[in-house]
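Subject: Structure handover and notes

Dear colleague,

Please find the structure below, with its sequence. My notes come after it.

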Amino acid sequence: MSVVDFQTRRLDATPLDLSHLDELCVLHKDAEVSKFLGGVRDEAATHRYITDNLAHWREHGFGTWALRDRTGAFAGRCALRHITIDGVDEVELGYTFHRAFWGQGLATEISRRVVELGFGDLALPNIIAFAVVEHRASRRVMEKLGFQFEADREIKGALCAVYRLYR
């Protein structure tokens, strides 16, 4: 099954594609936004990120969404995507917002809806989420949604707190 466009009370989500390159580049070049995401990405890395996510959509029918607020402003991105951790294929929830959208509960709002899609439409048995250990705000989002801390693991060269939620 494929999950394409959806909405929450304050956000519209559409599949991320190359039409979002310029907006995503602005997000990825913000050092404050990117400090917990492996660092700033240049345009070439952001282009690869989008093309990798387009391939994920083709293979799995879900992936990364571009997020806009009700005024149409690009707010950030969220994802439900396969990732291999310690040789195990997992499905990960992820989210990233422009700083102007921080502290408004949007990460919790969009994540709650993505989890509903994952467990409902996609019938996933469980979903993981992780954040760099020091990223307390992101970890609070996971905890609010009922994700349970599983372990600290090295992921992509960073020590991350891994959480899991079962259907």
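This is a predicted model: local features need pLDDT of at least 70, side-chain atom pairs count only at pLDDT 80 or more; totals for chains, interfaces and linings use all residues.

Residues are numbered from 1 along each chain as its sequence is written, and side-chain values use heavy atoms, with hydrogens and water left out.

Cores

The largest nonpolar core has 35 residues, and W65, L80, L93, F97 and F147 have the most contacts inside it. Such a core is a set of buried Ala, Val, Leu, Ile, Met, Phe, Trp, Tyr and Cys residues joined through side-chain atoms within 4.5 Å. Buried means under 20% relative accessible area, exposed over 50%, and partly exposed in between (1.4 Å probe, protein chains only). At least two residues of this core come from each of β2 (11–15), β3 (64–69), β4 (74–85), β5 (88–97), α4 (106–119), β6 (126–132), α5 (136–144) and β8 (158–166). The largest share, 7 residues, is from α4. Helices (H or I, at least four residues) and strands (E, at least two) are DSSP runs, numbered from the N terminus.

Leaving out residues up to four places away in sequence, F97 touches L11, L27, V33, L67, A75, G76, W102, L106, A107 and I110; contact here means heavy atoms within 4.5 Å. A second, separate core of 10 residues includes L24, Y49, A66 and F74.

Strands

Two strands pair if DSSP finds at least two bridges between them. β1 (residues 6–7) and β2 run antiparallel with 2 bridges, and they form a hairpin with 3 residues between them. F6 stands opposite A13 in β2. On its other pairing, β2 is joined antiparallel to β3 by 5 bridges, where L11 has D69 as its bridge partner. The covered face of β2 holds L11, A13 and P15, and the uncovered one D12 and T14. In a regular strand the side chains alternate between the two faces of the sheet.

In β6, 7 of its 7 residues are buried. β6 runs antiparallel to β8, with 7 bridges, and F130 is partnered by V162 in β8.

Largest pocket

The largest pocket holds about 1200 Å³ of space. A pocket is an open set of points on a 1 Å grid over the protein atoms alone, where a 1.4 Å probe fits, with protein on both sides within 12 Å along at least five of seven lines; lining residues have an atom within 4 Å of a point. Grid points are joined across faces, edges and corners, and the volume is the space filled by probe spheres set on the points. Of its 43 lining residues, F36, L37, Y95, T96 and F130 are the closest to the centre. The lining divides into 21 nonpolar, 12 polar and 10 charged residues.

Loop residues

A73 is in the loop between β3 and β4 and is partly exposed, at 30% relative accessible area. Beyond its neighbours within four places in sequence, A73 contacts L67, R68 and F101.

D86, in the loop between β4 and β5, has a positive phi near 55° and is exposed at 59% relative accessibility. K156, in the loop between β7 (148–155) and β8, has a positive phi near 50° and is exposed at 77%.

Regards

Conventions. Ala, Val, Leu, Ile, Met, Phe, Trp, Tyr, Cys and Pro count as nonpolar, Asp, Glu, Lys and Arg as charged, and the others, Gly among them, as polar.
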